[in-house]
Amino acid sequence: MANPRSVAQLVVVLATTAISAIHGFTPPPSISISTIPNDAIQRSQYSRPPSTIIALNQEKEKKGSTDINRTKLLVETVAPFRGLRLFFYAAFASGAFVGGLITLSGVAAAMNGLREDVDMNTEYLNLAIDFGAVAFFGVCAKFDLDKDAELTAVVEAKVEKKKANKKITASMREREQLLKELNVDVKVSQDGGTRVAPLGVMQENAKQHVILVAGPGRAIRDALRGAQLNKVNFAMTNILVVPYETGINVAEKAAKPDGGGFGDSRPSYETQPYVAEPVGEGWEKFVKAEMDTAAEQAGDKVFEEGIALVVANDGKVLRRGVGKVPWRQMVDELEEAVTGEEKEKANPLLDFIE
């Protein structure tokens, strides 16, 4: 015949497990509107009609709940069994705690002389097992919850980074359209004659690819010297190099020699036919936005090493880079973008010389 005390303990443990299961699947309480400060509501009512306020609040709550649900789904995808483990931890710990209370009541009754059929050594062992199990499952739950918090923080950081990258990509696409409207001074004759035209016109009518190099004077000079070694490739591929020097003002630009007088000759790498000078308004704002975006991803070294943009004649930016300009690789990428055929790898010796 079964011991009535054991049966009672089993019933209590099963009841506790059922209660834990019910509470484990209870939805979280909704946020009450009464938690919104009254002064905030009163201030907003003067600027917007009530229907607009309700619509905006509903939209914000919906967007916030959507982001939270998305994050939870991603976390559960990475660790799908954590919720199940926490449920079992709570159920087993609750059962052990209730069993420990029952055992403790029996020990108290025996110590007061109300019961004489209690083996104190056995009961002490049962107490240690019950409350030890409670402590063990509590530690396991704490460990799992800490890991869940760490994973949630990592997932949220990745989601925010993805959102930021989307914004950066959108701003880059807008600047690509702005780039077509910027003017350049292009050489149109052997005797040095020039003509000012928008980059979009050069790309559409003259089918010119554009490589924009922006940075301090040293970076521009190094880039143009490297480009001079590839001027034959530029002529064959119809490439226009646009150098933009940062860190100088309008007066310093005007004081630079233009090569039209005695003693003010410019270096040969600046007077090549494929080099076009950026003129007009908009260049400073465009270059600053590009360098700020690059600095967010590559650090402040961007402002010392400079950046390069490779733009095909259809207006699509094929590459954005920081530092030394790989001219031969850029030429190959432009040819592949136009012809659709992959070129053979360049000569490593030429790359080394470049």
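The dialogue below concerns aromatic pairs and salt bridges in a predicted model.

User: On what basis are the residues numbered and the features counted?

Analyst: Residues are numbered from 1 along each chain as its sequence is written, and side-chain values use heavy atoms, with hydrogens and water left out. As the model is predicted, local features need pLDDT of at least 70 and side-chain atom pairs count only at pLDDT 80 or more, whereas totals for chains, interfaces and linings use all residues.

User: How many aromatic pairs does the structure hold?

Analyst: A pair of aromatic rings is described by the distance of the centres and the angle of the planes. Rings of Phe, Tyr and Trp (its six-membered ring) pair if their centres lie within 6.5 Å; planes under 30 degrees apart count as stacked, over 60 as edge-to-face and the rest as tilted. The structure holds 8 such pairs. In one of them, the ring centres of phenylalanine 97 and phenylalanine 131 are 6.2 Å apart and the planes stand at 80°, so this pair is edge-to-face.

User: Which helices hold phenylalanine 97 and phenylalanine 131?

Analyst: Helices (H or I, at least four residues) are DSSP runs, numbered from the N terminus. Phenylalanine 97 belongs to helix H4 (residues 82-111) and phenylalanine 131 to helix H5 (residues 120-179), so the pair ties together parts that are 34 residues apart in sequence.

User: Which residues form an aromatic cluster?

Analyst: One cluster consists of Phe87, Phe88, Tyr89, Phe92, Phe136 and Phe137.

User: How many salt bridges are there?

Analyst: A salt bridge is a side-chain nitrogen of Lys or Arg within 4 Å of a carboxyl oxygen of Asp or Glu. The count comes to 14. Among them, aspartate 146 and lysine 142 meet at 2.6 Å, N to O; both lie in helix H5, 4 residues apart, about one turn of the helix.

User: Where does a salt bridge link distant parts of the chain?

Analyst: Arginine 175 and glutamate 290 form a salt bridge at 2.9 Å, N to O. Arginine 175 lies in helix H5 and glutamate 290 in helix H10 (residues 283-298), 115 residues apart. A network of salt bridges links Arg173, Arg175, Glu176, Glu290 and Arg320.

User: Are arginine 175 and glutamate 290 buried or exposed?

Analyst: Buried means under 20% relative accessible area, exposed over 50%, and partly exposed in between (1.4 Å probe, protein chains only). Both arginine 175 and glutamate 290 are buried. Aspartate 146, at 33% relative accessibility, is partly exposed.

Methods: Helix = DSSP H or I, 4+ residues; strand = E, 2+ residues; numbered from the N terminus.
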